[in-house]
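The paragraphs below walk through a protein model, from a pair of strands to ring contacts and then to pockets. Please keep the sequence and the 3D view at hand.

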Amino acid sequence: MELKEYDGHIQYISHHELIKEGSRLRTCRIVFNASAHIKGQPSLNECWAKGPQLMTPMIGIILRFREQKVAMTGDMHKMYHSVKIEGIDQHTHRFLWRDMNSTRKPDIYAMTSVSFGDKPSGNIAILALRKTADMAADQH
């Protein structure tokens, strides 16, 4: 993904692999750490305001789950990765990648969707979910 020019100070988000051993599979995923401090600079999460609590508290979910005879649940599969980051904001999510080759100069990439560990990611995902529901209200 090509980034538009940005003349401000650039920091890169650190990342590492997370290996999960399964019953038959061994999966590896990349985890980004927006709370990491690099060279004494504040972390990305320290620069963001979290905002108001938009997610429903767990006690409210449990109580409502038990109110009626029938309850339904759902899983928002890959919810954070479904919310896209707009142009200039992608500069806050730059990272370096060498494809496991430490002898070459790294390539520069940027995340194009919200990451799970970002301080405001929960609120961003909830707002995107509400906006999607509002947009589809007439059809459903």
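E1 and E2 form a hairpin with 4 residues between them. Strand E1 covers residues 14-21, and strand E2 covers residues 26-33; helices (H or I, at least four residues) and strands (E, at least two) are DSSP runs, numbered from the N terminus. The two strands pair in the antiparallel sense over 8 bridges, where pairing requires that DSSP finds at least two bridges between them. In this pairing, His 16 has Val 31 of E2 as its bridge partner.

The model is predicted, so local features need pLDDT of at least 70 and side-chain atom pairs count only at pLDDT 80 or more, while totals for chains, interfaces and linings use all residues. Residues are numbered from 1 along each chain as its sequence is written, and side-chain values use heavy atoms, with hydrogens and water left out.

The whole structure holds 3 aromatic pairs. Rings of Phe, Tyr and Trp (its six-membered ring) pair if their centres lie within 6.5 Å; planes under 30 degrees apart count as stacked, over 60 as edge-to-face and the rest as tilted. Tyr 80 and Phe 116 make an edge-to-face pair, 5.3 Å centre to centre with 70 degrees between the planes. Tyr 80 lies in the loop between H2 and strand E3 (94-97) and Phe 116 in the loop between strand E4 (107-110) and H3, so this pair ties together parts that are 36 residues apart in sequence. Tyr 80 is buried, at 16% relative accessible area, whereas Phe 116 is exposed, at 63% (buried means under 20%, exposed over 50%, partly exposed in between, with a 1.4 Å probe and protein chains only).

The ring centres of Phe 95 and Tyr 109 are 5.9 Å apart and their planes are at 25 degrees, so this pair is stacked. It links Phe 95 in strand E3 with Tyr 109 in strand E4, 14 residues apart. Phe 32, Phe 95 and Tyr 109 form one aromatic cluster.
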